[in-house]
Amino acid sequence: MANTYTWNFNFDVCNQPENGHDDCIKTIHWRITSVSDSETNAEGQPLSVSAYGTVGLDTPEAGDPDFVAFDSVTKDWAKTKTLEGLGKTEAEMQTLLDDQMTALANPPMRQAVPSGW
């Protein structure tokens, strides 16, 4: 089973300067979605699973060379900060989604009623 992974981000950004910085990102809202290229549902559509959440960020001190201005933020930066905040690697996140995809494609349980009822 091969899956395609896509990250999406949205941000909570300060309206007032903080620690000498304008447009500080306080929260990253993230979602990672996995779409299978081999497993499908009953309608023939590719199976898809996702995980999502938020990661809070501290505002860097004034003059911090690692500060990234909001309009200079990249998806790679957001992904790196998200993974750091989660304490996970990208491979661990992909494994989490792979496990969800496997369970969706091959459910470990089913609901049933005995045939004699």
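## Chat about a predicted model

User: Where is Thr59 found?
Analyst: In this predicted model, Thr59 is found in the loop between β3 (46-56) and α1.

User: Is Thr59 buried or exposed?
Analyst: Thr59 is buried, because its relative accessible area is 10% and the cut-off for buried is under 20%.

User: Which residues is Thr59 in contact with, leaving aside neighbours within four places in sequence?
Analyst: With those neighbours set aside, Thr59 is in contact with Glu18, Asn19, His21, Cys24 and Lys26. With Glu18 there is also a polar contact of 2.6 Å, which joins the two side chains.

User: OK, staying with Glu18, what does it form a salt bridge with?
Analyst: Glu18 forms a salt bridge with Lys26, and the closest N and O atoms of that pair are 2.9 Å apart. Both Glu18 and Lys26 count as partly exposed, Glu18 at 26% relative accessibility and Lys26 at 27%.

User: How many salt bridges does the count come to?
Analyst: The count comes to three salt bridges.

User: New topic, the largest pocket. What volume does it have, and which residues lie nearest its centre?
Analyst: The largest pocket has a volume of about 260 Å³. Its lining is made up of 14 residues, and Leu57, Asp58, Pro60, Trp77 and Lys81 are the ones that lie nearest the centre.

User: How many of the lining residues are nonpolar, polar or charged?
Analyst: By class, the lining of the largest pocket has eight nonpolar residues, two polar residues and four charged residues.

User: You mentioned Pro60; what lies 3.3 Å from its backbone oxygen?
Analyst: That is a polar atom of the side chain of His21, 3.3 Å from the backbone oxygen of Pro60. His21 is found in the loop between β1 (3-13) and β2, and it is buried, with a relative accessible area of 8%.

User: What else does His21 touch?
Analyst: Not counting residues up to four places away in sequence, His21 touches Gln16, Thr59, Pro60, Glu61, Ala62, Gly63 and Phe67.

User: Which phi does Asn19 have, and where is it found?
Analyst: Asn19 has a positive phi of about 50 degrees although it is not a glycine, and it is found in the loop between β1 and β2. Asp23 lies in the loop between β1 and β2 as well, and has a positive phi of about 55 degrees although it is not a glycine. For background, most residues other than glycine have a negative phi.

User: Are Asn19 and Asp23 buried, exposed or partly exposed?
Analyst: Asn19 counts as partly exposed at 33% relative accessibility, and Asp23 counts as partly exposed at 38%.

User: Last one, Trp30. Which strand does it lie in, and is it buried or exposed?
Analyst: Trp30 lies in strand β2 (residues 25-40) and is buried, with a relative accessible area of 7%. Not counting residues up to four places away in sequence, Trp30 touches a set of residues including Trp7, Phe9, Tyr52, Val55, Leu86 and Met93.

Methods. Residues are numbered from 1 along each chain as its sequence is written. This is a predicted model: local features need pLDDT of at least 70, side-chain atom pairs count only at pLDDT 80 or more; totals for chains, interfaces and linings use all residues. Side-chain values use heavy atoms; hydrogens and water are left out. Helices (H or I, at least four residues) and strands (E, at least two) are DSSP runs, numbered from the N terminus. Buried means under 20% relative accessible area, exposed over 50%, partly exposed in between (1.4 Å probe, protein chains only). Contact means heavy atoms within 4.5 Å. A salt bridge is a side-chain nitrogen of Lys or Arg within 4 Å of a carboxyl oxygen of Asp or Glu. On a 1 Å grid over the protein atoms alone, a cavity is a set of points where a 1.4 Å probe fits but cannot get out, and a pocket is an open set with protein on both sides within 12 Å along at least five of seven lines; lining residues have an atom within 4 Å of a point. Grid points are joined across faces, edges and corners, and a volume is the space filled by probe spheres set on the points. Ala, Val, Leu, Ile, Met, Phe, Trp, Tyr, Cys and Pro count as nonpolar, Asp, Glu, Lys and Arg as charged, and the others, Gly among them, as polar. A polar contact is a pair of N or O atoms within 3.5 Å; within protein, one must be able to donate a hydrogen and the other to accept it, and residues adjacent in sequence count only if both atoms are side-chain atoms.
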